[in-house]
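Hi,

Here is the structure I promised to pass on. Have a look at it first, and then read my notes below.

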Amino acid sequence: MKKLLFSTLALCLSGFAFSQTFMQGVGINIVLQSASGISADPVGAIMYSPRVNFMEEENTSFSVGIPMSFGITGSYNSQDIENNSLGFMFDAPLMFNYNYGAGSTKEAEDKFGFYGGVGFGYHTHQYVATDDQGYDVTARMSGFGPVGNVGARLGVGHGSHNLDLRFSYMKSLDISKSNIIGIGFLFNF
C-alpha cells in the first residue's frame, strides 16, 4: 500500500513539475497610498510582471508571480536645487493567482479572461506630502503586508498576447498601517 501511495504521489508531482510555463507582461501602474494624518499624491510607475503557471488546464491555471512596480515621485528644478522633492516608490508583492480564459495559458484561445489571488508584499515609498497643518514633510514608508488582486484580460492578436487591467490592495503591517491601492494596465506576451 505504501508503494502504491508513493508511486501515485511521485506521478502527480512529476506532472506538476513539468507543467510550468513562464509568462510576463509590462505596463504602467498608478499607486495610491494613504496613512493616518498624511495624504500622498498618486505615483505613476513602470510595471514588470513575471509569473510561472504551475498547474494548467486548457483555459485555466494557477500561478505564482511578482508584479513589480517602480516609480519616481516629486519634482525637480535645475534652477532651484534646494526646493527639489524627488523620491521613489517600489512595490513587489508575491502573488498566488487563479487564472481563467485569455492569458491563463499560452494555449488559451479565449478573447476574455480574469484572475484573482492573494499574496504578501513589500512596499517602500519616499515622498513629500502635506500634513494636517498644511506643511510639506519628507517621509518614507516601508513595510510588508498582505495583498489581494483581481484583474481582467482581453485577448489581442495571436497566441497569448493580451491586455490586462489589474486592481490591487495592500495593507502595510508597519507602524503607519498604510493602505496601498494599485491600478495597473499591462500588455502580456
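I started with Tyr-169, which is found in strand β9, residues 162–171. Keep in mind throughout that this is a predicted model. Tyr-169 counts as partly exposed because its relative accessible area is 39%, which lies between the 20% and 50% cut-offs. Leaving out neighbours within four places in sequence, Tyr-169 is in contact with Pro-146, Val-147 and Gly-148, and also with Asn-179, Ile-180 and Ile-181. With Asn-179 there is a polar contact as well: the two side chains are joined at 2.5 Å.

Next, the strand pairing. Strand β1 (residues 21–35) pairs with strand β3 (residues 43–56) in the antiparallel sense, over 11 bridges. Along that pairing, Ile-30 stands opposite Gly-44 in β3. β1 also runs antiparallel to strand β10 (residues 179–188), and 10 bridges join the two. There, Leu-32 has Ile-181 of β10 opposite.

Now for the nonpolar side of things. Which residues make up the largest nonpolar core? There are 8: Val-31, Val-43, Ala-45, Met-89, Met-95, Val-147, Met-170 and Ile-180. The elements giving two or more residues to this core are β3 and β6. Val-147 is worth a click: setting aside neighbours within four places in sequence, its contacts include Pro-93, Met-95, Phe-120 and Met-170. Gly-117, Val-118, Gly-119 and Gly-121 are also among the contacts of Val-147, as is Tyr-169.

Last one: Ser-104. This residue lies in the loop between β6 (87–101) and β7 (112–130). Is Ser-104 buried or exposed? Buried, because its relative accessible area is 0%, and the cut-off for buried is under 20%. The side chain of Ser-104 reaches the backbone oxygen of Gly-101 at 2.7 Å. Not counting residues up to four places away in sequence, Ser-104 touches Met-23, Arg-51, Asn-53, Asn-59, Thr-60, Ser-61, Asn-99 and Arg-153.

That's everything from my side.

Cheers

Conventions:
Residues are numbered from 1 along each chain as its sequence is written. This is a predicted model: local features need pLDDT of at least 70, side-chain atom pairs count only at pLDDT 80 or more; totals for chains, interfaces and linings use all residues. Side-chain values use heavy atoms; hydrogens and water are left out. Two strands pair if DSSP finds at least two bridges between them. Helices (H or I, at least four residues) and strands (E, at least two) are DSSP runs, numbered from the N terminus. Buried means under 20% relative accessible area, exposed over 50%, partly exposed in between (1.4 Å probe, protein chains only). Contact means heavy atoms within 4.5 Å. A polar contact is a pair of N or O atoms within 3.5 Å; within protein, one must be able to donate a hydrogen and the other to accept it, and residues adjacent in sequence count only if both atoms are side-chain atoms. A nonpolar core is a set of buried Ala, Val, Leu, Ile, Met, Phe, Trp, Tyr and Cys residues joined through side-chain atoms within 4.5 Å.
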